[in-house]
Amino acid sequence: MSDIEPNVAEQLFADRFGTGPAGVVASPGRVNLIGEHTDYNDGFVSPMAIEQRVDMAFRPRDDRRAILYTGGDPNPVVFDIDSVDKIAGWGLYPQGILRHFATDGLPIRGFEAALVSDIPSGAGLSSSAALELAVARVQAEVAGVPWDASEMALRCVRAENQWVGVSCGVMDQLICATAVEGSVSRIDCEDYTSEHVTMPSGVVVLVLHTGTKRGLVDSEYNERRSTCERAALELGVSSLRHATIDLLDASDVDDLARRRARHVITENQRVVDWGTAVAASDFETAGALMVASHESLRDDYEVSGPALDAMVELALETDGVIGARLTGAGFAGACVALVRNDAVETAVERIAQEFPQRYDAIPQIIASLPQRGTALL
Ligand code: GLA
């Protein structure tokens, strides 16, 4: 369940602006079930949108200003929508979206908004992508731009890469924009197409947030990306999506690039196999693939961390847990587990109690059904 009470964004809007909004947009966070660090290698990912989300109440303005309030802060973010001077703080995200509408030749319009979010930040649950898509949806509405979810997601990726300066891949924005209620998506990050697999009854997805936050890991992320690009170049393929284990075995790439490439190549195959297993309700296979994914991220890709390893270990010792792995960029933040329906309550209780005894942090455990993507309510 989301912690956001109905109408909270509307109430905040009315408090700050005196009268009610013209509309409200809801934009979900996401959890990736399998397929990590594959998106920027043109590979496969299998995420779903979660119940935690950003709600944004909004109204167009007749001047060229954007004014945005969040729940916790009496001071709004304010910027001139035509200015190309970067502003400081989180306002850089909405500003980047508007700038990329403009550079893509789309109209932009001033607006005012109040937003509330219950997506934990720095946890690997895509709070930034949810914010970006919320702003894009609002801007499309106020400026009269037709909504094409995938195209808009890719515009948000460009804004994050070029305006904010974070070189993320395409997964977070694509799932946030295109998620289908009740389904896990399999996104092909080479051509941006998605297939939707209905989540079978009998299992529940648990987000196991360790309560730890990723620190400054951008440099690690960028290093992984460039090592993958170098490996692809040395293997003579356009991206690691097109490499095989045989090709890698026959090559003389160095040990580091070899381990990074091995993760990506095997992870892509695991995404395909996981989708097949879940569609057939073969949970044993699906769970084993998630565990193999975690091990590969820990040992070959080296993006796990002590809190994530402790959480996966605990989850796998817990009755009813079919599989568990880190989710998102890694290092800290959240894991994801697939749990038998009939064991969810006891599993949640045990993990909540036991985790702080193994690692010095308070976990947050979220059960979520797959939600739809960013939408006007
Ligand atoms: C972050 C990035 C995504 C993806 C994941 C790792 O969430 O934003 O593009 O690369 O890490 O799978």
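What follows is a set of stops at salt bridges in this predicted model.

Begin with the overall count: the model holds 31 salt bridges. Side chains of opposite charge can pair when their charged atoms come close.

**Stop 1: R30 and D172.** Select these two residues; their side chains form a salt bridge, with 3.0 Å from N to O. R30 sits in strand β1 (residues 23-34) and D172 in helix α5 (residues 171-178), so the pair, 142 residues apart, links distant parts of the chain. Are the two partners buried or exposed? R30 is buried, at 3% relative accessible area. D172 also counts as buried, at 18%, because the cut-off for buried is under 20%.

**Stop 2: E234 and R230.** Move to helix α6 (residues 218-235), where both residues lie four apart, about one turn of the helix. E234 is partly exposed, with a relative accessible area of 44%, and R230 is partly exposed at 31%.

**Stop 3: E354 and R358.** Next select helix α11 (residues 344-358), which contains both residues, four apart, about one turn of the helix. E354 has a relative accessible area of 22% and is partly exposed; R358 is partly exposed at 31%.

**Stop 4: a network.** Finally, select R59, R61, D63, R65 and E112 together: salt bridges link these residues in a network.

Methods: Residues are numbered from 1 along each chain as its sequence is written. This is a predicted model: local features need pLDDT of at least 70, side-chain atom pairs count only at pLDDT 80 or more; totals for chains, interfaces and linings use all residues. Side-chain values use heavy atoms; hydrogens and water are left out. A salt bridge is a side-chain nitrogen of Lys or Arg within 4 Å of a carboxyl oxygen of Asp or Glu. Helices (H or I, at least four residues) and strands (E, at least two) are DSSP runs, numbered from the N terminus. Buried means under 20% relative accessible area, exposed over 50%, partly exposed in between (1.4 Å probe, protein chains only).
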